[in-house]
Amino acid sequence: MKRDGILTSVWQDNIADIITSSTISQEEVYDVLIVGAGITGITTGLLLQKAGKKVVIAEAANIGFGTSGGTTAHLNNFFDSSYDEVISNFGKENATLLAEAAGKAMIFIKNNIDEYKIECSYEQKEGFIFSVEEKQNKILDDLVNATKEVGLTIDYVNKSPFPIPYLKISSIANQAQFNPLEYIHALVNEFEKSGGIILQQCRVEGIEEAEILKVKTSSGTILAHHAIYATHIPPGVNLLHFRCAPYRSYVIAATLKSGDYPEALGYDLVDPYHYYRSQKIKGQTYLIA
């Protein structure tokens, strides 16, 4: 399978393309058109299809082509913006809502894995967040205290599964990891079994807004009552584009001569920060950093 990048990710290198629907009726009016077949688009499509809607997903390239095909696939209930930052900007009540939503998202994924019997190397893990410089100790203290405030289980420990020097280290429970493309491909099968349609190599080129949307694509016009952009940000010119800064993460999947792979998720507090975990794919273990 292909993805948006020069190099191959461990996910795309070990999974085949899915052959999906190639044509649809250009006269039928669908309930919802979803733009983008990553984890967001596929999940949204499956939920809507199960709720009785008639859904079409249009993907400009192939399933998992964007972030979903290159993610490090950590499942977390904490974020790049730590809870002390969220409390400062939005208040404790909203920070707590964010933590609860993250937890529900992780439970939702696990429930899908159980319901559809998905083989995607899902494992619960402990997460470790650590300081590597004196000035980061205060950052870690604020992070730990605020994470406790929103009801998550985090505390300082005296161990690290990573061979990296640290000054202070905390452990946060109930994190997880999985193979994102195996998970997505299983959801695609369920989506199509429920009557949903996926069009790959179908770029949405514009939407004519009216009571019934006329969606111009590279595969023809699609009529729909609603449209959802399951992309990074919607096209056109709007305020969001001026607030959304371009960042890129660089990921390495490496084999270790020592064979000593950490069985946890790890994060330092450097800016930009680093994070680590291990993943076994078809019998081969990798360190993902």
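Select F78 to start: at 14% relative accessibility this residue counts as buried, because the cut-off for buried is under 20%. The coordinates are those of a predicted model.

**Stop 1: the ring pair at F78**

In all, the structure holds seven aromatic pairs. In the pair of F78 and Y267, the ring centres are 5.1 Å apart and the planes meet at 85°, so the arrangement is edge-to-face. Colour by secondary structure to see that this pair links distant parts of the chain. F78 sits in the loop between strand 3 (74-75) and helix 2 (83-90), while Y267 belongs to strand 12 (residues 265-268), and 189 residues separate the two.

Y273 has a relative accessibility of 31% and counts as partly exposed. With the four residues F78, Y267, Y273 and Y275 displayed together, a cluster linked by ring pairs is in view.

**Stop 2: the cis peptide bond**

Select D271 and P272. The peptide bond joining them is cis, with omega at about 0°. P272 is placed in the loop between strand 12 and strand 13 (275-281). Most residues other than glycine have a negative phi, and most peptide bonds are trans.

**Stop 3: two positive phi values**

Select A73, which is not a glycine but has a positive phi of about 60°. A73 is in the loop between strand 2 (55-58) and strand 3. Is A73 buried or exposed? Its relative accessible area is 3%, so A73 is buried.

Now go to K282. Here, in another residue other than glycine, phi is positive and near 50°. K282 is found in the loop between strand 13 and strand 14 (284-288). With a relative accessible area of 70%, K282 is exposed.

**Stop 4: G41**

Select G41, in helix 1 (residues 39-50). G41 is buried, and its relative accessible area is 0%. Which residues is G41 in contact with, leaving aside neighbours within four places in sequence? Show I34, G36, I57 and A230: these are the contacts of G41. Then draw a distance from G41 to L167, C-alpha to C-alpha: the two are 41 Å apart in space and 126 residues apart in sequence.

**Stop 5: the whole chain**

Clear the selection and zoom out. The protein chain has six helices and 14 strands.

Switch to a surface view. The protein chain exposes about 16,000 Å², of which carbon and sulfur atoms supply 52%. Of the 289 residues, 43% count as buried. Among contacts in the protein chain with a separation of 6 or more, 69% are between residues 24 or more positions apart.

Notes: Residues numbered from 1 in each chain as written. Predicted model: local features only at pLDDT ≥ 70, side-chain atom pairs only at ≥ 80, totals over all residues. Heavy atoms only, no water. Phe/Tyr/Trp six-rings, centres within 6.5 Å; stacked < 30°, edge-to-face > 60°. Helix = DSSP H or I, 4+ residues; strand = E, 2+ residues; numbered from the N terminus. Buried < 20%, exposed > 50% of the residue type's maximum accessible area, 1.4 Å probe, protein only. Contact = heavy atoms within 4.5 Å. Areas by Shrake-Rupley, 256 points an atom, 1.4 Å probe, with all protein chains shown as cover.
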